[in-house]
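Work through the exercises below with the structure open beside you. Try each task before reading its solution.

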Amino acid sequence: MTRLEVDVAIVGSGFGGSLTALLLERVGLSSVLIDRSSHPRFAIGESSTPNADLALLAIARTYDLPRLAPLAKYGTWQQTYPHVVGGLKRGFSYFHHRPGLSFLPVHNHANELLVTASPDDARSDTHWLRSDVDSFFAAEAARAGVPLFENTTVTLAPRGDGWRLAATNRPEPLEIDAAFVIDGTGEFGLIPRTLGIASRVDTLATNSRTVFAHFCDLQPWDDVMRAAGATNADHPFCCDHAAVHQVIDEGWMYQLRFNNGVTSAGFVLDAQQCPLDDSLSIQQEWDGLLTRYPSLVQQFQGTTIVAPAGGLARTRRLQRRMSRAAGPNWALLPHTSGFIDPLHSTGIAQTLRGIERLVPILREHWQKPTLTAALARYAATLDREIELIDKLVSGCYLARKNFRLFTAFCMLYFAATTISEHRRAISLAADNTTSPFDVDTAFLLADEPDFRRLVSETWQRVRQLAAQPTVSAAEIAAVEDAIAAGIQPYNIAGLCDPAAANMYRYTVAQKP
């Protein structure tokens, strides 16, 4: 029998759980990591952003963890950890496809949108090959002395004011007594299952699912465009060095290129338009989608699936929203509390921001009567973030068949993320002594009522337009004007500028 007693038990050793354990050790709280599987293991949720990078850099500085800081920029990552596979992400790129038609570039980029997120490759954001990056974070936690039990399934039961976790699949019995439990298991949701926490997924407007894999030998989209007659000379960055979004009638396809020749790609489908049909094999569904879009067929010729081990995979509905995210002696990490969709690459950043809030709460309120109230504020912030992200994503789904309307609605997300990045970058500047960053600030302006109201009102208007059989140019122009006026207090990046022709070059906050 192995028996441990710790302050905090963390279930799930992905980057979120492992980083949380590492920070708890730094603030003097003992922890243990438990995971049903082992590293390295396949996972998606791979695209980082400046908000994520800045949060990671701040965490490295605040908790004196210099080994984490290189991961905040592509250049320093490659110099320091070339064996940890990542990808170059200069920004976001979008291309609008019509069924049965090849993609044809137009001179004014009316069917394209490129939004820059970094000024050069060295300071670029990254894609995370999660099998490598999660392994790195788990190893860092173990290096700091955190016990890690892999391939271990546990039950969770109250014990006094805390918890007992008991392994159910190990040859040698294992019991862990913990005063507090953090759930980083994501979709599995050990605490929600144990406590019977109700789902509020029915309150979400986004309803999507995925069909995905990792591929090698995927032709660069830039090559496909050039073969179709594009010069791409006025692209602010190579469109493949990005989170590539191929916008289609059924939803969209993501393409994330790693620097080992592998690309993560998948269709993310509007599940209301494309409900899961179990009578179709995954391969049949993939092929049926791909063949509707000739330029994607061209791009995927000669590709080979390299992961996951079973080939193409698909999910049921992606969305989740728990009715509770924390209690007196437990908390859910953001990805367990709720998830919307990969459209705006919010997952990594929201997880890091949640950890930034949760660990100081445990440090400052540990074994104090104020802990429960502080955790309630943590949970309320997560829920506001999920509600806002749901609107920002579902509005894009509503608008996707009219790319001009889709592009306009995307500006709400880019306004929120760029002003957030700017504020954070200022706080991290070496000469800053007057603008500290409050880690309790919600992600993507979710705690700013005026911005939430703007998003909600615009979403309602887009929903009305999406229900119409046709949408006039004047109606779209009215939405564009309303968004441009509404984001003015946040628009530091020249968004909604017709002269930009959907090519936005200057949206980046400089990373320290």
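Predicted model: local features only at pLDDT ≥ 70, side-chain atom pairs only at ≥ 80, totals over all residues.

Residues are numbered from 1 along each chain as its sequence is written, and side-chain values use heavy atoms, with hydrogens and water left out.

**Exercise 1.** Find the residues that touch the most other members of the largest nonpolar core.

Solution. Start with the term. A nonpolar core is a set of buried Ala, Val, Leu, Ile, Met, Phe, Trp, Tyr and Cys residues joined through side-chain atoms within 4.5 Å. Buried means under 20% relative accessible area, with a 1.4 Å probe and protein chains only. The largest core has 127 residues, and F137 and L165 touch the most other members. Next, look for the main contributor: helix 11 (residues 371–399) gives the most, with 14 residues. Helices here are DSSP runs of H or I, at least four residues long, and strands are runs of E, at least two long, numbered from the N terminus.

Now take F137. Skip its neighbours within four places in sequence; F137 then contacts F15, S18, L19, L56, L68, L71 and W128. Contact means heavy atoms within 4.5 Å.

**Exercise 2.** Decide whether D222 is buried or exposed.

Solution. Locate D222 in helix 6 (residues 221–227). D222 counts as buried because its relative accessibility is 11%. Then list its partners, again leaving aside neighbours within four places: N232, C238, C239 and D240.

**Exercise 3.** Describe the largest pocket: its volume, its central residues and its lining by class.

Solution. A pocket is an open set of points on a 1 Å grid over the protein atoms alone, where a 1.4 Å probe fits, with protein on both sides within 12 Å along at least five of seven lines; lining residues have an atom within 4 Å of a point. The volume is about 1,300 Å³. Of the 49 lining residues, A43, I44, R130, R320 and H335 are the closest to the centre. The lining has 18 nonpolar, 20 polar and 11 charged residues.

**Exercise 4.** Which helix gives the most to the lining of the second largest pocket?

Solution. This pocket has a volume of about 490 Å³. Its lining has 21 residues, with R404, T407, E480, P498 and N502 closest to the centre. Helix 12 (403–428) and helix 14 (473–486) each give two or more. Helix 12 gives the most, with five residues.

Methods: Buried < 20%, exposed > 50% of the residue type's maximum accessible area, 1.4 Å probe, protein only. Points joined across faces, edges and corners; volume = space filled by probe spheres on them. Nonpolar A, V, L, I, M, F, W, Y, C, P; charged D, E, K, R; others polar.
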